[in-house]
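Please prepare a short briefing on the structure shown below, covering its overall build and one of its pockets.

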Amino acid sequence: MSIPGPAHIVDSSELAQVLNSLVTGVSSILQKNLIGIYLYGSLVAGDFDADVSDLDLVVITNRALDDATFSSLQELHWQVILSYPAWDDRLELAYVSLDALRTFRERQSLIAIISPGEPFHQLEAGYDWLISWYMLRETGIALTGPDIASLIDPIEPGHYIEAVQSHIEAYRHSVKSANSKSNLSYIVLTTARGLYTVLHGQPTSKLKAAVWAARAFPKWAQLIDQALRWRIDPESDSLSVDDIRPSVEACVKDLLATLPIN
């Protein structure tokens, strides 16, 4: 299958094979329960890094997964990772019913997800998923199925901005529990991206946000540059998590201090 959108910026041969394996496998397992499979995230945003970026897919179903289907999909994920080891811990697939998507503002529903650092599991998702569903509706590309905008009711941009602000404010406390340089890198870059979104009223990529933040906060330009390196190779220097934690904590505090007061 060909890769839609801006994926031409990377060597996409293996990526195309991974996508094809997932789309073919998911379609075969779900059959009539499948509504559509949608690509979003960094590959669509244009800052996909073939070595480190996650592959983000949302699968929309007519009804929630039963136990047998869950097990079959879990086996599919394992087989794809066995065939393409470079994608171990880099697949992010969420399986959500159409009803769950259309009622997420009012109630929580069970969805299934595999994501970096977490095995395939089920969880309750509701309004706390507004950021994901907003980005999916605004940027998602159908690999199979109808236009995603026909499946998710419009989400007010203001509600999206409020959700982003609440999300990054939580990073004030996350730094203390981060247990790897990759985690700390994620916190720095995600805080920068979220801050850009809140201040400018529109989403951006981690890489573009990092460039902006380094200019807007020159005091932290070196740390932001290090965070970009740690994202690719956490062992690029000899610094330990405890060495850098205080600087990351101070950086996040400074960035969040510029948020508007709710």
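What follows covers the overall fold and then the second largest pocket. The model is a predicted one, and its secondary structure comes to eleven helices and six strands. With a radius of gyration of 19 Å, close to the 18 Å that the globule rule gives for 262 residues, the protein is as compact as a globular protein of that length.

**Overall dimensions and packing**

- Taken along the principal axes, the C-alpha atoms of the protein fill a box of roughly 55 × 40 × 35 Å.
- Buried residues, meaning those under 20% relative accessible area, make up 47% of the 262 residues in the protein.
- When contacts between residues at least 6 apart in sequence are considered, 65% of them join residues at least 24 apart.
- The protein exposes about 12600 Å², and carbon and sulfur atoms supply 51% of that area.

**The second largest pocket**

- About 160 Å³ of space lies in the second largest pocket, which is lined by 14 residues, the closest to its centre being Ile81, Ile114, Glu118, Pro119 and Phe120.
- Two or more residues of this lining are given by each of helix H3 (67-83), strand S4 (109-115) and strand S5 (118-125), and H3 supplies the largest share, with four residues.

Methods: Residues are numbered from 1 along each chain as its sequence is written. This is a predicted model: local features need pLDDT of at least 70, side-chain atom pairs count only at pLDDT 80 or more; totals for chains, interfaces and linings use all residues. Side-chain values use heavy atoms; hydrogens and water are left out. On a 1 Å grid over the protein atoms alone, a cavity is a set of points where a 1.4 Å probe fits but cannot get out, and a pocket is an open set with protein on both sides within 12 Å along at least five of seven lines; lining residues have an atom within 4 Å of a point. Grid points are joined across faces, edges and corners, and a volume is the space filled by probe spheres set on the points. The radius of gyration is taken over C-alpha atoms; the globule rule is 2.2 Å times the number of residues to the power 0.38. Buried means under 20% relative accessible area, exposed over 50%, partly exposed in between (1.4 Å probe, protein chains only). Contact means heavy atoms within 4.5 Å. Accessible areas come from the Shrake-Rupley method with a 1.4 Å probe; for residues, only the protein chains shown count as cover.
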